[in-house]
Amino acid sequence: MYDYLNGKLVFKAPTHIILDVGGIGYHIHISLTTFALIKEQENCKLYISFQVREDAHTLYGFATEAERQLFNHLISVSGIGPNTGRMILSSITPEEIQSAIINGQVAIIQKIKGIGPKTAQRVILELQDKLKKEGSDTLLQFRSNRPSVPEEALTALVMLGFARPQAEKVLNTITLAEPDLTVEALIKSALKKL
């Protein structure tokens, strides 16, 4: 329902924040990892996971898309709810969690408060293949959120209906000749040649 919220931080605590977006204050639960990344900021963008239970509608916010994706994977495991998922992400870094799951390191996951040996094994059993398919460097890829200028231009051209291989070829030619073009200039240049 919500992908992200971008606004002014009205209140910050290690477990939750209040984000003012267009005059509406959203109470958003966060992990310590996210808190460490946003504590010095006045405005921020948080990627949201909206959790609905019969007694509460709760927003969980994350500084990166990768952390949100890992949170959603964790809460898909039976026996792990949103609060436990947030506890896991607060205890060790998302990269360490992903590495522990991929490498089957039960001991690391079991050290987290609220996670017993059976739950740790279940997390590894249910998520190991999913995370292996995504690749162990997924979290690192998400850290650099901004796509490069040529990637952004390519996405725009494909959305406009141009064939990806043809658009890629034209963009490569243009960027070799003029590497410092903005996205807009690159798209305009490519449109003339397509």
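Predicted model: local features only at pLDDT ≥ 70, side-chain atom pairs only at ≥ 80, totals over all residues.
View 1

View 2. Skip the neighbours within four places in sequence, and N43 is left in contact with G7, K8 and L9. For a sense of scale, F162 is 119 residues away along the chain from N43, and their C-alpha atoms are 37 Å apart.

**View 3. S49, a buried serine with two side-chain polar contacts.** Staying in strand β4, we now zoom in on S49. Buried means under 20% relative accessible area, so S49, at 5%, counts as buried. Its side chain makes a polar contact of 2.7 Å with the side chain of Q51, and another of 2.9 Å with the side chain of N72. N72 also turns up among the contacts of S49 beyond four places in sequence, together with T58, L59, Y60, F62, R68 and F71.

**View 4. The two annotated helix-hairpin-helix spans.** An unreviewed UniProt entry carries the annotation "domain: Helix-hairpin-helix DNA-binding motif class", and that covers residues 72–91 and 107–126. In the model, residues 72–91 come out as 70% helix and 0% strand, with 17 Å between the end C-alpha atoms. Residues 107–126 are likewise 70% helix and 0% strand, and in that span the end C-alpha atoms lie 16 Å apart.

**View 5. Helix α6 and its kink at L127.** Helix α6 runs through residues 117–134, 18 residues in total. From first C-alpha to last, α6 reaches 25 Å, close to the 26 Å expected at 1.5 Å a residue. Even so, α6 has a kink of about 45 degrees, centred on L127.

**View 6. What the buried side of the story looks like for α6.** The buried residues of α6 are T119, A120, V123, I124, L127 and L131. As for partners, the buried residues of α6 pack against α2 (65–75), α4 (94–102) and α5 (106–110).

Notes
Residues numbered from 1 in each chain as written. Heavy atoms only, no water. Helix = DSSP H or I, 4+ residues; strand = E, 2+ residues; numbered from the N terminus. Expected span 1.5 Å × (residues − 1). Bend = angle between axes of the 7 residues up to and from the residue. Buried < 20%, exposed > 50% of the residue type's maximum accessible area, 1.4 Å probe, protein only. Contact = heavy atoms within 4.5 Å. UniProt positions renumbered as here; feature names shortened; annotations may be inferred. Polar contact = N/O pair within 3.5 Å; in protein donor to acceptor, adjacent residues only side chain to side chain.
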